[in-house]
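Trainee: I have a model open and would like to learn how to read it. Where shall we begin?

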Amino acid sequence: MGNRLVDRVVLVTGGGSGLGRAVVDRFLTEGAKVGVLERNLSRVEELENEYSDSVVCTVGDVSSADDNVRAVTATVEKFGQLDVFVGNAGVYDHRASLESLSMGQIDAAFRELFDINVKGFLLGSKSAIPELRKAKAPSIIFTASVSSVSAGFGGSLYVAAKHAVAGMTRQLAYELAPRIRVNAVAPGYVPTQLGGLESLDASGVKSNPGLSALDLPLQVLPTPYDFTSIYLLLASGESSVMTGSVILADGGTSIWGPGPAVR
Ligand code: NAD
């Protein structure tokens, strides 16, 4: 139990599972109050059962402007303010190569993946900014990826979208300085429930890398919780000199690379 986020209110998208859930758990132990925007009802119910007083959940989709606004409103209504927005919810293309996809699949999968992984972060930030502007030391944090800086750990849609997140981090840091800091955490592979695209027939695409510890330079398969200290750093005043940074935390994955392309 720490106290690095006492009196801070945080909104996390995709807080029901994986990295987002780990951030929720860690931030609560540091004294924060937490809002969550999450589309999976049973994960929301789990959170609400576990933390009735210190968490407020909104069931909704990050690609909807209205759902993002509802989540900010619910958080501020319950806790009186918003200090940190964590844009995190995302989906994966299971490394589908461009050649393996039909034109129709590209069209549908592009829309689905970019709506969630890119537009979701823009809409969430846009909804949060008016409240963040009233806060004492506001901060936006995005979940980027090793795919924000390297090829081969996703397909062309996912890698393009995560590169877009790195660009968005820098551009919003530029636009929102000096009031609001904007940074990103770029994890490497971590076992979670990270879901594929409804618009792609899962049987028609190659599966995710399914790496083992021995495939990683540091020889450790991380847990979502292992990344939470970086989110905590970016949410707290201890990173007051940082904005526009994309912090790579990939266990060295990108120095070895993904091996040959999946076809
Ligand atoms: P996860 O599926 O375990 O968690 C994501 C959560 O977001 C889920 O609870 C899901 O229901 C929710 N979600 C998905 N789409 C949503 C939507 N449209 N609206 C609202 N909620 C939605 O996956 P994760 O691995 O924890 O993924 C979190 C983020 O981490 C994503 O942005 C992902 O791209 C990124 N990431 C994951 C890895 C990895 O290896 N798992 C590596 C680097 C980056």
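**Reading the ligand site, sheet and cores**

Mentor: Start at the ligand. A polar side-chain atom of Ser17 lies 2.6 Å from an oxygen atom of the ligand. Keep in mind that this is a predicted model.

Trainee: How many residues surround the ligand?

Mentor: There are 29. The closest are Ser17, Glu38, Asn88, Tyr158 and Thr192.

Trainee: Which strands pair with β4?

Mentor: β1 pairs with β4 in the parallel sense over 3 bridges. Leu11 has Phe85 as its bridge partner in β4. β5 also runs parallel to β4, joined by 4 bridges. There, Gly87 is partnered with Phe142. The chain passes from β4 through α4 to β5 in a right-handed β-α-β crossover.

Trainee: What does β5 join next, and over how many bridges?

Mentor: β5 (residues 139-143) is linked to β6 by 5 bridges, again parallel. Ile141 has Asn183 as its bridge partner in β6. Here the chain crosses through helix α5 (residues 156-176), and this β-α-β crossover is right-handed too.

Trainee: Which way do the residues of β6 point?

Mentor: Arg181, Asn183, Val185 and Pro187 point one way; Val182, Ala184 and Ala186 point the other. 7 of the 7 residues of β6 (181-187) are buried.

Trainee: Which strand pairs with β6 over 4 bridges?

Mentor: That is β7 (residues 246-249), in the parallel sense. Val185 stands opposite Ile247 in β7.

Trainee: On to the nonpolar core. Which residues have the most contacts inside the largest one?

Mentor: Leu82, Leu113, Ile140 and Phe142, in a core of 42 residues. β1, α3, α4, β5, α5 and β6 each give two or more residues to this core. α4 gives the most, with 9. A second, separate core of 30 residues includes Phe27, Phe227, Tyr231 and Ala235.

Trainee: What does Leu82 touch?

Mentor: Look beyond its sequence neighbours. Among its contacts are Val9, Val10, Leu11, Val72, Val76 and Leu132.

Trainee: How do I read a helix such as α6: is it enclosed or open?

Mentor: The general idea comes from the helix repeat. An α-helix has 3.6 residues a turn, so residues three or four places apart point the same way. Then count the buried residues. In α6 (residues 228-235) that is 6 of 8, so this helix is largely enclosed by the rest of the structure. The buried ones are Thr228, Ile230, Tyr231, Leu232, Leu234 and Ala235. They pack against α1, β4, β5, β6 and β7.

Trainee: Last one. Where is Leu5 found, and is it buried or exposed?

Mentor: Leu5 is in the segment before β1. Its relative accessibility is 0%, so it counts as buried. Among its contacts are Phe27, Leu232, Ala235 and Ser236. Leu5 and Ser236 are 231 residues apart along the chain, yet their C-alpha atoms are separated by 6.7 Å.

Note on methods. Residues are numbered from 1 along each chain as its sequence is written. This is a predicted model: local features need pLDDT of at least 70, side-chain atom pairs count only at pLDDT 80 or more; totals for chains, interfaces and linings use all residues. Side-chain values use heavy atoms; hydrogens and water are left out. Buried means under 20% relative accessible area, exposed over 50%, partly exposed in between (1.4 Å probe, protein chains only). Two strands pair if DSSP finds at least two bridges between them. A crossover is right-handed if, with the strands pointing away from the viewer, the path from the first strand over the helix to the second runs clockwise. A nonpolar core is a set of buried Ala, Val, Leu, Ile, Met, Phe, Trp, Tyr and Cys residues joined through side-chain atoms within 4.5 Å. Contact means heavy atoms within 4.5 Å. A residue is near a molecule or strand if one of its heavy atoms lies within 4 Å of it. A polar contact is a pair of N or O atoms within 3.5 Å; within protein, one must be able to donate a hydrogen and the other to accept it, and residues adjacent in sequence count only if both atoms are side-chain atoms.
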